[in-house]
Amino acid sequence: MTEPIISVSGLRGIVGESLTPEVALRYVAAFASTLPPGPMIVSRDGRATGPMLVGVVQSGLMAVGRDVLDAGIAATPTLGVLVRQHLAVGGVQISASHNPPQYNGIKLFSGEGRVIPAVPGRMVLEAYRAGQVAWVSHERIGNLTRLEDTTSEHEKLLLATVDGEAIRKKKYRVLLDSNRGAGSILGVKLLESLGCEVVLLGGETDGKFEHPPEPTAENLQVVTRKVLSARGDIGFCQDPDADRLAIIDETGRYIGEEYTLAICADHILQQRKGPVVTNCATSRMTQDLAIKHGVPIFQSAVGEANVVDEMLTRNAAFGGEGNGGPIDPRVGLVRDSFVGMIQVLSAMACRGKKISELADALPRYEIRKTTVKLPPAKLPKALDAMQQRFPDAKADRLDGLRLDWPDRWLIVRGSNTEPIVRAIAEAPTASAAEELCQTAAQVVAAL
């Protein structure tokens, strides 16, 4: 890999190969060139390569004349809050989210406190590829200021969305797995303010992950046993930059990330009505819940920036992605594991139910995924063939091809970074979802 992977709102790559100090410097300088005058905030997750990249990014921004506020180690959603709180014109989060340790990345935030959408992202990419940096003379070099309190505003916004006293009365025992990322900094503080007894795993913020960083069932097998042995009421598992949350119930059962979004949606919609937005690869559970509560639900293309765009257009009460990334606009326009934690605890407390009972009460579906190698040039033909194979389905080309039936769906999308097609299916049973994925794979492989 010689080039970083660049999306509309950031880049990521292997440190020392596709992500070098020069790449980081040019990229943030390009970002700064697209913004109005004003300060910028820089933060990072706990990865070991973070300090090196922070030094590069902050120096680069100051060298193009920007004052920089250093937020140190902070969760990605916390950066969104800080950008708004300090009236910054933009922010830079240094994180590779759930990627392996050799990766790091740069995520760009607008002055709205959200990851930048497609149009500004294209402007940054054009400026980066042009490679012309407007360094300033010595008297215009920006200043660096350390932010001492980075969590209080985020915590205040979160607490304002729930009945904190109802949660405190329950005295929940919570296992928090931050996996040596950024999540423990606010996570412990928030949970303790809600009267929870916290059993913390991976509280050190050094990026020495104790298990693979993506919070999937396979990667959390040890954590599920620890929730059970600790006699926890619930287990919360964050990814390294704490914008995603998976849940483990009191029996040690991995509930997962899709349920995070659904439980939050169900609870929030019981208190306030309004449109809901998810991406087109999110479980049908949330759609069913929106229908139950009598509110409209809208789908966006995959990607946080796309979800937020649609949320703003629809004036949504809630949104997010099925990867465990709830978005509560009362707190911020960023996927937020802390929103997940506080809303799930509130749902348990207000309804007097265990987390297992809340999960079991949700509509039940099974998701399966597969990939097939395919050159990008053949993707349009593959999508056409898929639509012809399933003429009885409702077809949508918002993001790849999504095929819908009354009780199941299949989405087929080309990868932005590899010559592969991804197929995701959801159905009432695992075998039915698997059959959809296998059929999709067969159609694509036959081209």
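This is a predicted model: local features need pLDDT of at least 70, side-chain atom pairs count only at pLDDT 80 or more; totals for chains, interfaces and linings use all residues.
Residues are numbered from 1 along each chain as its sequence is written, and side-chain values use heavy atoms, with hydrogens and water left out.

Q: Why is the pair of Tyr-27 and Tyr-128 called edge-to-face?
A: Rings of Phe, Tyr and Trp (its six-membered ring) pair if their centres lie within 6.5 Å; planes under 30 degrees apart count as stacked, over 60 as edge-to-face and the rest as tilted. Here the centres are 5.6 Å apart and the planes stand at 85°, so the pair is edge-to-face. Tyr-27 belongs to helix α1 and Tyr-128 to helix α4, 101 residues apart in the chain. Helices (H or I, at least four residues) and strands (E, at least two) are DSSP runs, numbered from the N terminus.

Q: What makes β9 and β12 edge strands of their sheet?
A: The open sheet has the order β9-β8-β10-β11-β12, with mixed pairing. Each of β9 and β12 has a single partner strand, so one side of each is left without a neighbour in the sheet.

Q: How do you know that β8 and β9 pair, and in which sense?
A: Two strands pair if DSSP finds at least two bridges between them. Strands β8 and β9 share 5 bridges and run in the parallel sense; in one of these places, Val-174 has Val-198 of β9 as its bridge partner.

Q: Why are β14 and β16 placed at the edges of the sheet of 4 strands?
A: The order of this open sheet is β14-β13-β15-β16. Strand β13 is joined to β14 by 4 bridges, in parallel, and Val-276 stands opposite Ile-297 in β14.

Q: What makes helix α9 a helix that packs on this sheet?
A: Contact means heavy atoms within 4.5 Å, and helix α9 touches β13, β15 and β16. Its direction makes about 175° with that of β15, where axes are lines fitted to C-alpha atoms (for helices over the stretch in contact) and angles run from 0 to 180 degrees between N-to-C directions.

Q: What classes of residue make up the lining of the second largest pocket?
A: Ala, Val, Leu, Ile, Met, Phe, Trp, Tyr, Cys and Pro count as nonpolar, Asp, Glu, Lys and Arg as charged, and the others, Gly among them, as polar. By these classes the lining has 6 nonpolar, 2 polar and 5 charged residues.
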